There are 2 protein chains.
Amino acid sequence: MVGNFGIDIGGTTVKIGYFVNDTLVDKFSIPTNRENNGSNIIKDIADTIKLYLCQNNIDVEQITGYGIGVPGTIVNNVATLSGNLGWVDYNVKDEFRKYINSNNIVIANDANAAAAGEYWALRNDVKNLVMITFGTGIGCGVIINGKVVEGVSGSAGELGHVPVVLENGEQCGCGNTGCLETVASAAGIVNEAKKALSNETRESVLRSISNLSAKEVFDAARDGDKLANELVEQLGKYVGVVFTIVAATVDPNVFIVGGGVSAAGDIFVNIIEKYYKRYALKSLKNVKFRIAKLGNDAGIYGAAYLVKNASNIQS
Amino acid sequence: MVGNFGIDIGGTTVKIGYFVNDTLVDKFSIPTNRENNGSNIIKDIADTIKLYLCQNNIDVEQITGYGIGVPGTIVNNVATLSGNLGWVDYNVKDEFRKYINSNNIVIANDANAAAAGEYWALRNDVKNLVMITFGTGIGCGVIINGKVVEGVSGSAGELGHVPVVLENGEQCGCGNTGCLETVASAAGIVNEAKKALSNETRESVLRSISNLSAKEVFDAARDGDKLANELVEQLGKYVGVVFTIVAATVDPNVFIVGGGVSAAGDIFVNIIEKYYKRYALKSLKNVKFRIAKLGNDAGIYGAAYLVKNASNIQS
């Protein structure tokens, strides 16, 4: 029995998956301890894994590697910045090796790891894949020729922070205004809806909802609410146009759409695809659009996939 | 003496470079014979090379490879479409091998080959590079980790055909409207200027020029003409925004700007960089902007570079 671990560090929870022959055989999670600039997170993970191995009579020598997805910019296994965890220029690989000595430890951005997971799920069918998750924020991973593109500053796939509202856009957490995240993250969709409701007097079922969510905007659009429909069309246009430029850059087989917002289902993906097809170059119109398959497990699958061959990450 | 050939097929001229140890030792060109769907082009090239080798007493066995840049979409050495040459699903590699039997023949899109040439010129300093040429059309090549990205349909880097004018844009040769090429190619810049001149009554030195060129728009802006300045600002905004999305996708070290329009010099690159910096994510603001170094020879340098290692092309 030879296995490896795929680990996905989130802002509140660390997910750990134990894989044997590409099969997820066990999955558990621990809280993310963000105290003291997250200095205990890696030790907590290592302790949990060591205990798991001991309790299951698995020799640590039988573990071929450890892949770790981190919410932040990663360059060569170093977290140059993870605002979420409190890490700055933090050598995650070296830190992990203090507790578990392995020659095969791979650190990746969490969105890149998720993209690698979805790539793994489709690996016989695709070479180039772009995955975008729409949730609290927007994450994206780009895979070319089966390899994650990390980027020279660890910022490949930062599509949440591309400009879509060029004048008078909303303030974004990144410091800029009008980023895709300000209109297409869960909060961005709600914010756009609230702005539309206060800027005009038209009737809309959205007016009667006190704690508006992105899902309710999609539901209202599906039920024929005109204002909600216009909001969804505008959202699709913002995202679809960005996707055409991404496709004209790396020409993928498929866009994978994931995250909480994509739980709205077909309506969200369909509206993106509609505007993508409207604006994309003919030879790029055949790119497929797919809802993510692995859900919240994409990160651990991808981390496990990446550690099987560290050369699956390229700058 | 061991050499290789870098070949750049253009719509009117084929450039052929003979390289020994990465040095261009000879360069010549022949007309591109587009008759009969370009069926003689490859034979013409092979004949020219064979004659050159004979006249210079070079044994064909000493030639390590032949790289060929083609204006069209290329997938695995096949020109799936070159409207310019009349090729459809044309196996350029097999065709060339009919005349010169070599195990090392590499076919690449011409813009990708040019990008590879500029990468070669900077190869010790960069890993990821995006080159865009603004001329009659707009061409682009994307290099990640030293490898040209071809794309699954041969369309990686087709940035001339991304949408920048989303409503009521000008008709583009690709069939869509409002593509970057309609506002930022040499003809696009002139067209935007003419539209502005006819849409308003302001004075401008551009009104006195009968055969307006892109260069004259830049010159007028440099001389303080207000209307020309606004045109250049709008152009910079269109291109700069596209560049931020390209950068957020692949996170390059450098953007290389080439082509006839870039002969306008600093003003063109500076205006692109201004808007790029305004909209780019903080971690991506340090991308360098450079004017292409190799001019019209980029294609032959790049073709020669790519043939030295065919693995320098990835899907």
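A residue is taken as buried when its relative accessible area is under 20%, as exposed when that area is over 50%, and as partly exposed in between (1.4 Å probe, protein chains only). The model is predicted, so that local features need pLDDT of at least 70 and side-chain atom pairs count only at pLDDT 80 or more, whereas totals for chains, interfaces and linings use all residues. Residues are numbered from 1 along each chain as its sequence is written, chains are lettered from A in the order in which they are written, and side-chain values use heavy atoms, without hydrogens or water.

Helix 4 of chain B is mostly covered, with 11 of its 13 residues buried, among them B:Asn112, B:Glu118, B:Tyr119 and B:Trp120. Helices are DSSP runs (H or I, at least four residues) numbered from the N terminus. At the start of helix 4 of chain B, the backbone nitrogen of B:Ala111 lies within 2.8 Å of a side-chain oxygen of B:Asn109.

In helix 6 of chain B (residues 186–199), the buried residues include B:Ile189, B:Val190, B:Glu192 and B:Leu197; the elements that cover the buried residues of this helix include helix 5 (181–184), helix 7 (214–222) and helix 8 (226–250) of chain B.

In chain A, the axes of helix 6 (residues 186–199) and helix 7 (residues 214–222) come within 8 Å and cross at roughly 55 degrees. The contact (heavy atoms within 4.5 Å) involves A:Ala186, A:Ile189, A:Val190 and A:Ala193 of helix 6 of chain A together with A:Ala214, A:Val217 and A:Phe218 of helix 7 of chain A.

Note on methods. Axes fitted to C-alpha atoms, helices over the stretch in contact; angles between N-to-C directions. Helix = DSSP H or I, 4+ residues; strand = E, 2+ residues; numbered from the N terminus. Polar contact = N/O pair within 3.5 Å; in protein donor to acceptor, adjacent residues only side chain to side chain.
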